[in-house]
Amino acid sequence: MSTFKAPKGTYDLIPPYSATYLAVRDAISAPLRASGYGYIETPGFEDVDLFARGVGESTDIVTKEMYTLTTKGGANLALRPEGTASVLRAALEANMHKAGGLPVKLWYSGSYYRYERPQKGRYRHFSQVGAEAIGAEDPALDAELIILADQAYRTLGLSNFRILLNSLGDKQCRPVYREALQGFLRGLDLDEETVRRIEINPLRVLDDKRAEVQKQLVGAPMLRDYLCDDCKAYHEEVRELIGAAGVAFEDDEKLVRGLDYYTRTTFEFVHDGLGSQSAVGGGGRYDGLSEMIGGPALPSVGWALGVDRTVLALQAEGIELDIPAPTSVFAVALGEEARKVLFGKVTELRKEGIAADFSYGAKGLKSHMKNANRSGARFTLVAGERDLAEGVVQLKDMESGEQEAVALEQVTERLRAKLG
Ligand code: AMP
């Protein structure tokens, strides 16, 4: 124990648990990497106005949850609460949209920060893998992203999740709906904050989780009935393409999500084994965001999947990922001369691409072998004075317990053959 603890709402990832996180990040990004998405990394903080303008002044994320700071130079920064605004900012700054064909397809992985009330599945520091396809309006692109997220979850072995799908309309039809909804909401009996929300972001009221609010929302005008023909046709095609790919989804007319920049396609992946923090990922189209942050019109679509909650989903489904032992060969040297020789061997094995580790610090064969067992390595190399005198090391298969003497210069070859 030290005097310090991880800050409230955060936790450390430590071995062996951390290996699952790496595997999840890998599984989520693999379908993207294989589908033309290039890796992008942006800073952990940005100008606070990027999020205020991008994510939306009235969202919980911006009004309550951002970690903001003023630098000594007077700049107002925020730890990033989400990835899309930063990625789009970076793509615009680098003129990626002018450099080649559109869409610009990018994926990312990193830490995000929200000052939320911590609970299981909701942290102040969490991790996402995300994807953005910038600069194209094509229902197939929306479908591609949903299909790739589904593929990622399936390859992890997850099955107890659902895809909720909705269209939020565009700048033609949504304002008309917005007004109709506001008219309806103003007639309800709501608390002060919600009344304010009606004027700033009425769609979010539909998303209110409280039963007493939901009760009053029965009969509210639904966006579906206000979608313009273009939005309807677009949404129908997205639905068709996803369906044709064999990916099941549910139409959810109330899905609005917590960020203001979404237009048309919006979706959320929810897992039914996670209790209240059930959203494992979400995304949608954000055709207006580029202009909102001072860029040209660039219709785009993307998603972010939460790594922490995906790991919780694996636990909820009782799935243990098949993670190979990180070390294949563990070397145990008995005596000073053997230390030098085996340490050299380990270095050589590593250069040859065989994962090897060395028993440091232990005294006596017993404690050395304890280290070997703990490493999870399939093979152990043991050498003492007598072995060296004969020019051999003992190669032990930790699974079968079999042991053989192998000539020093043949160790690498022998191990390579055994490891396949
Ligand atoms: P959002 O940007 O809010 O749509 O978040 C996308 C995904 O990130 C969610 O579906 C969650 O899996 C994850 N996520 C968002 N906020 C948190 C949080 N506070 N703690 C853990 N995961 C989060």
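Tutor: Gladly. Let us begin with one term: contact means heavy atoms within 4.5 Å. Keep in mind as well that this is a predicted model.

Student: What meets what, then, between α1 and α6?

Tutor: On the α1 side there are Ala 27, Ile 28, Pro 31 and Leu 32, and they meet Leu 145, Leu 148, Gln 151, Ala 152 and Thr 155 of α6. These residues divide into seven nonpolar, two polar and no charged.

Student: Why is α1 called oblique to α6?

Tutor: Helix α1 (residues 17-33) and helix α6 (residues 139-155) have axes 8 Å apart and pack at about 140 degrees. Roughly antiparallel needs an angle over 145, and roughly perpendicular covers 65 to 115. The angle therefore makes α1 oblique to α6. As for handedness, the crossing of the two is right-handed.

Student: And what makes α7 and α8 roughly antiparallel?

Tutor: The axes of α7 (residues 174-186) and α8 (residues 192-200) come within 9 Å and cross at roughly 160 degrees. The cut-off is over 145, so α7 and α8 count as roughly antiparallel to each other. Their crossing is left-handed. From α7, Arg 178, Gln 182, Leu 185 and Arg 186 make the contact, together with Ile 198, Glu 199 and Ile 200 of α8. That set divides into three nonpolar, one polar and three charged.

Student: Which omega value goes with the cis bond between Pro 15 and Pro 16?

Tutor: Omega is about 0 degrees there, and Pro 16 sits in the segment before α1. The bond from Leu 102 to Pro 103 is also cis, with omega near 5 degrees; Pro 103 belongs to the loop between α5 (96-99) and β5 (104-113).

Student: What sets the phi of Asn 95 apart?

Tutor: Its value is near 55 degrees, which is positive in a residue other than glycine. Asn 95 is placed in the loop between α4 (84-93) and α5.

How values were computed: Residues are numbered from 1 along each chain as its sequence is written. This is a predicted model: local features need pLDDT of at least 70, side-chain atom pairs count only at pLDDT 80 or more; totals for chains, interfaces and linings use all residues. Side-chain values use heavy atoms; hydrogens and water are left out. Axes are lines fitted to C-alpha atoms, for helices over the stretch in contact, and angles run from 0 to 180 degrees between N-to-C directions. Helices (H or I, at least four residues) and strands (E, at least two) are DSSP runs, numbered from the N terminus. Angles under 35 degrees count as roughly parallel, over 145 as roughly antiparallel, 65 to 115 as roughly perpendicular and the rest as oblique. A crossing is left-handed if the near helix is turned anticlockwise from the far one by less than a right angle, and right-handed if clockwise. Ala, Val, Leu, Ile, Met, Phe, Trp, Tyr, Cys and Pro count as nonpolar, Asp, Glu, Lys and Arg as charged, and the others, Gly among them, as polar.
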